Amino acid sequence: YRRSSSRIRGFSEVQATRTHIPVPFDLRPNGSYQTTEKDTPPSKNLKKIMKTALITGASSGFGEAIALHYAEKGLRLIICARRSERLKDLKREIESEYRSDVKILSFDLQDRAEVESAIESLPADWLPIDILINNAGLAVGKSTIENGEIEDWERMLDTNVKGLLYITRKLIPILKESNNPHIVNIGSIAGTEVYPGGNVYC
């Protein structure tokens with residue numbers, strides 16, 4: 001990703017320049033894609049559809065980088081995180097630099113009721129959603145299992161596993177209304193390259 005690392009909080013220069021940001025289909029510069037129907041004249045076989053992406057954990061790191069990348073491609077964005085002030089800063093930046101439409105949803109992914117309420121609050125003109133980027137996640141504690149903090153385990157499981165399931169379950173019926181829906185789940189390399197003290201996270 002080519003943006004300056006100073007503009008992406010929590011991103012090192014190496015990460016920012018080498019990370020592949022997922023765009024799960026061929027997008028036009030204005031955030032649309034084209035589908036071709038067989039046996040129709042060339043002048044009538046193009047259908048333009050604006051894409052909408054919802055990104056969790058968008059207030060920093062990979063989530064912020066993905067939001068900026070998608071904004072550059074012209075997608076409409078629903079950016080989600082707990083830290084509303086950071087989301088507001090990102091919204092201002094995107095709307096200023098890329099003229100993309102941005103909707104903020106501030107909620108705690110660990111709280112199923114908050115997740116459901118946030119999705120239900122979306123106005124009709126922001127539906128359907130075409131892309132779900134499950135990016136939110138965290139790692140806390142570096143103890144061995146026998147010394148691990150139960151509160152840390154619960155926080156990680158509530159966010160990284162249950163939170164992902166809450167929002168995915170709520171959004172699948174909405175995604176099914178899209179002509180070309182995608183779900184992208186972002187995981188840690190700690191799943192294959194464990195580290196000492198990683199216990200529950202790894």
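**Exercise 1. How many helices and how many strands does the protein chain have?**

Solution. The model is predicted, so local features need pLDDT of at least 70 and side-chain atom pairs count only at pLDDT 80 or more, while totals for chains, interfaces and linings use all residues. Residues are numbered from 1 along each chain as its sequence is written, and side-chain values use heavy atoms, with hydrogens and water left out. Begin with the terms: helices (H or I, at least four residues) and strands (E, at least two) are DSSP runs, numbered from the N terminus. Counted in this way, the protein chain has five helices and seven strands. Next, follow them along the sequence, where the pattern is α-β-β-β-α-β-α-β-α-β-α-β.

**Exercise 2. Is Asn 135 buried or exposed, and which residues does Asn 135 touch?**

Solution. First locate the residue: Asn 135 sits in the loop that runs between strand S6 (131-134) and helix H5 (150-175). Then recall that buried means under 20% relative accessible area, exposed over 50%, and partly exposed in between, with a 1.4 Å probe and protein chains only. Because its relative accessible area is 13%, Asn 135 is buried. Now look for contacts, that is, heavy atoms within 4.5 Å. Not counting residues up to four places away in sequence, Asn 135 touches Thr 56, Gly 57, Phe 62, Gly 63 and Ile 186. Finally, the side chain of Asn 135 reaches the backbone oxygen of Gly 57 at 3.0 Å.

**Exercise 3. Where is Asp 108 found, and what is its relative accessible area?**

Solution. Asp 108 belongs to the loop between strand S5 (102-106) and helix H4 (112-120). Its relative accessible area is 23%, and therefore Asp 108 is partly exposed. As a further step, leave aside its neighbours within four places in sequence, and Asp 108 is in contact with Arg 82, Glu 114 and Val 115. From C-alpha to C-alpha, Asp 108 and Cys 80 are 9.2 Å apart in space, although 28 residues apart in sequence.

**Exercise 4. Which element gives the largest share of the lining of the largest pocket?**

Solution. A pocket is found on a 1 Å grid over the protein atoms alone, as an open set of points where a 1.4 Å probe fits, with protein on both sides within 12 Å along at least five of seven lines, and lining residues have an atom within 4 Å of a point. The lining of the largest pocket consists of 41 residues, and Asn 135 is one of those nearest its centre. Two or more lining residues come from each of helix H2 (61-73), strand S4 (76-81) and H5. The largest share, seven residues, comes from H5.

Technical notes:
A polar contact is a pair of N or O atoms within 3.5 Å; within protein, one must be able to donate a hydrogen and the other to accept it, and residues adjacent in sequence count only if both atoms are side-chain atoms.
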